[in-house]
Amino acid sequence: MKKKAGISLVLTLACLLLNIFPAMAGQWVQTENKQWQYIKDDGSKATGWLELDEKWYYLDENGNRKCDYWCKEDGYWYYLDEEGVMVQNTWVDNYYVDETGRFEKKR
């Protein structure tokens, strides 16, 4: 019986500690200039392409998320919507982007 109580106490303490010290995770922050930046686990700004929750974002060399923006990378054009998410399999005005997000054709 003492063994079960001891295990229960250890598990309870472990759960409490996990709640007190949540896991570090990257997060979006808004700058004073109203720009959105993604701060990584190590505290640095993300730049370039960033995949989060199966969505792709592009952050410029200063770490600012690009929105409503055509981005050229390795000779291909990609469109980022008003939230900064790369669009796929859709028309953007007169331009079609494929499943990889690359500009494919014009109407």
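**Ground rules.** I am working with a predicted model, where local features need pLDDT of at least 70, side-chain atom pairs count only at pLDDT 80 or more, and totals for chains, interfaces and linings use all residues. Residues are numbered from 1 along each chain as its sequence is written, and side-chain values use heavy atoms, with hydrogens and water left out.

**Entry 1, the cores.** I looked up the largest nonpolar core and found 7 residues: Tyr38, Ala46, Leu50, Leu52, Tyr57, Leu59 and Val85. (A nonpolar core joins buried Ala, Val, Leu, Ile, Met, Phe, Trp, Tyr and Cys residues through side-chain atoms within 4.5 Å; buried is under 20% relative accessible area, exposed over 50%, partly exposed in between, with a 1.4 Å probe and protein chains only.) Strands S3 (48-52) and S4 (55-59) each supply at least two residues of this core. (Strands are DSSP runs of E, at least two residues, numbered from the N terminus.) Apart from this core I noted another, of 5 residues, including Cys71, Tyr78, Leu80 and Met86. A reminder to myself: in soluble globular proteins, nonpolar side chains tend to be buried together.

Which residues does Leu59 contact, leaving aside neighbours within four places in sequence? I listed Trp28, Gln37, Tyr38, Ala46, Thr47, Gly48, Leu50, Asn64 and Arg65. (Contact means heavy atoms within 4.5 Å.)

I found 9 aromatic pairs in the structure. (Rings of Phe, Tyr and Trp, the last by its six-membered ring, pair if their centres lie within 6.5 Å; planes under 30 degrees apart are stacked, over 60 edge-to-face, the rest tilted.) Trp28 and Tyr38 pair edge-to-face, at 5.3 Å centre to centre and 75 degrees between the planes. Trp28 is in strand S1 (residues 27-30) and Tyr38 in strand S2 (residues 36-39), so this pair ties together parts 10 residues apart in sequence. Is Trp28 buried or partly exposed? Trp28 is partly exposed at 25% relative accessible area, while Tyr38 is buried at 11%. Trp28 also pairs edge-to-face with Tyr57, at 5.1 Å and 65 degrees. That pair links strand S1 with strand S4, 29 residues apart, and Tyr57 is buried at 10% relative accessibility. Elsewhere, ring pairs join Trp49, Trp56, Tyr58 and Tyr78 into a cluster.

The charged end of Arg65 sits over the ring of Trp28, 4.8 Å from its centre. (This needs NZ of Lys or CZ of Arg within 6 Å of the ring centre and within 35 degrees of the ring normal.) Arg102 has its charged end over the ring of Tyr76, 3.6 Å from the ring centre.

Methods. Helices (H or I, at least four residues) and strands (E, at least two) are DSSP runs, numbered from the N terminus.
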